[in-house]
Amino acid sequence: MKHFSRIFAAAVVSLAAALPAYAETTLTVHYPMPGFFKNVMDTISKKFMEENPDIKIQFASPSATYEEGIQTILRQAGTDEMPDITFIGLNRLRMLNERDVAVDLGPLVKKEGNMAELGFSDTILKLAQVNGKQVGLAFATSNPIMYYNADLVKAAGGDPDNPPKTWDEVIALGGKIKALGNGVDGIDFRWQGDDWMFSALLFGAGGKMLNEDESKVAFNGPEGEKAVEILARMVKEGGMPVFTKPAGEQAFAAGKVGFEFQTTGALVNTIKNVGDKFTLRTAKIPLIDPVNGHLPTGGNAVVILTKDTAKQEAAWKFAKFAAGPYGASVVVPGTGYVPNNELAAKSPDYLGDFYKKNPLFQAGLSQMPLMVPWYAFPGTNGVKVTQTIVDNLSRIVDQSASPKEALTDAASDVEGMLPTQ
């Protein structure tokens, strides 16, 4: 009998060793811009797996930009290479929806019940909706802010404690900083890469990209003309050279540029790169029209792609966690993005005291009431449209075309890329 017991016990141990302790679900996750998000994603996924030991997160190769990210996902759609979850630029959610690639999160939101208790207000949910369909959950949201070198501002006769509040003031002080010499430039405005910073000028003037029924271009109206004129004046009067995006960021961090205008999402990297080379400050970005002006919401949303029912359940857990209060409490101090979750923003358990202790982060937070969706062009030519706008902005900055000429050409080209009604 003892012999049988030993055999039985050994068999049980052997069987237990051969079987996993639980059924594990593996999710493949894709995200863009590792320079901003690698550490954030690593932290969030580690914490998530600790709390959900039956779900494993593995990362696909990240994409360098939002544009590369959407092209990668569309190329992989319907193949074995397609990840289970992706993080897509807010202005590219429309492309996923039009191709029916993303899982509709509406039923999951409805089943969840009161999303507001998790910090997802209706306003926050709408950031990742397309025509009322819940395509994703906003993960990292940003707005454009003004970074400035307080030392150069003071040297040029400005007051670091009272930074410029209008574009006229920015351009005038930028010109004075340029006049300091010693290889110093006045302004770096991040117009390269996509149409987001052009949107900051256009929306800040009260303008919009297309007309109401999206049949015609509207960015070439009076508001658009004011926007491109400001860009041209930055070059001619404000001391802005023809920077590439990396070159502009490096020059600012080296103390060779007075003002830098770009996403609040670059704040943490900027703080690290500046170090103690000069006194870094941040402030609101000026609006061309302070009454009717708004600012584009940058950032991305977590999107579920897998059609597998079991994986969808696991993916929904991860999406809520990443976009929820814990995820936001990692994203904000880890990047500079503004909180996309109201519970995270208000609760002392997350970010409630963070902004009091970190004043450089307050500029982006204070502009949240001005945020409107980053416009998504209809049809299949969204990436081409963006590149066309950027190419024509380049002509303004290098002064190979007048602002009016470049804007007219951009509008003509873009109109030809819009879907026929």
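How many of the five residues of β8 are buried? Five of the five are, so β8 is largely enclosed by the rest of the structure. The model discussed here is predicted.

## The four-stranded sheet

β8 belongs to an open sheet of four strands. The order is β8-β9-β7-β10, and the pairing is mixed. Two strands sit at the edges: β8, residues 185–189, and β10, residues 280–284. Each of these pairs on one side only. Direction ignored, neighbouring strands in this sheet are turned against each other by 20° on average.

Strands of a sheet pair through backbone hydrogen bonds, either parallel or antiparallel. For β8 and strand β9 (residues 257–263), the sense is parallel, and four bridges join the two. D185 has V257 in β9 as its bridge partner. D188 is bridged to E260 of β9.

## A helix on the sheet

Helix α9 spans residues 196–204 and packs on the sheet. It touches β7 (144–149), β8 and β9. The direction of α9 makes about 95° with that of β9.

## Nonpolar cores

In soluble globular proteins, nonpolar side chains tend to be buried together. Here the largest nonpolar core has 115 residues. Within this core, F189 and F219 touch the most other members. Helix α13 (residues 309–323) gives the most to the core, contributing eight residues.

A second core is separate and has 17 residues. Its members include I73, V101, A102 and A128.

## Helices α10 and α18

Two packed helices are described by the angle between their axes and the distance between the axes. For helix α10 (residues 222–236) and helix α18 (residues 382–397), the axes come within 9 Å. They cross at roughly 40°. That angle makes α10 oblique to α18.

Which residues of α10 meet α18? They are V228, L231, A232 and V235. On the α18 side, the partners are L393, I396 and V397. By class, this contact has seven nonpolar residues, no polar ones and no charged ones.

Technical notes. Residues are numbered from 1 along each chain as its sequence is written. This is a predicted model: local features need pLDDT of at least 70, side-chain atom pairs count only at pLDDT 80 or more; totals for chains, interfaces and linings use all residues. Side-chain values use heavy atoms; hydrogens and water are left out. Axes are lines fitted to C-alpha atoms, for helices over the stretch in contact, and angles run from 0 to 180 degrees between N-to-C directions. Angles under 35 degrees count as roughly parallel, over 145 as roughly antiparallel, 65 to 115 as roughly perpendicular and the rest as oblique. Contact means heavy atoms within 4.5 Å. Ala, Val, Leu, Ile, Met, Phe, Trp, Tyr, Cys and Pro count as nonpolar, Asp, Glu, Lys and Arg as charged, and the others, Gly among them, as polar. A nonpolar core is a set of buried Ala, Val, Leu, Ile, Met, Phe, Trp, Tyr and Cys residues joined through side-chain atoms within 4.5 Å. Buried means under 20% relative accessible area, exposed over 50%, partly exposed in between (1.4 Å probe, protein chains only). Two strands pair if DSSP finds at least two bridges between them.
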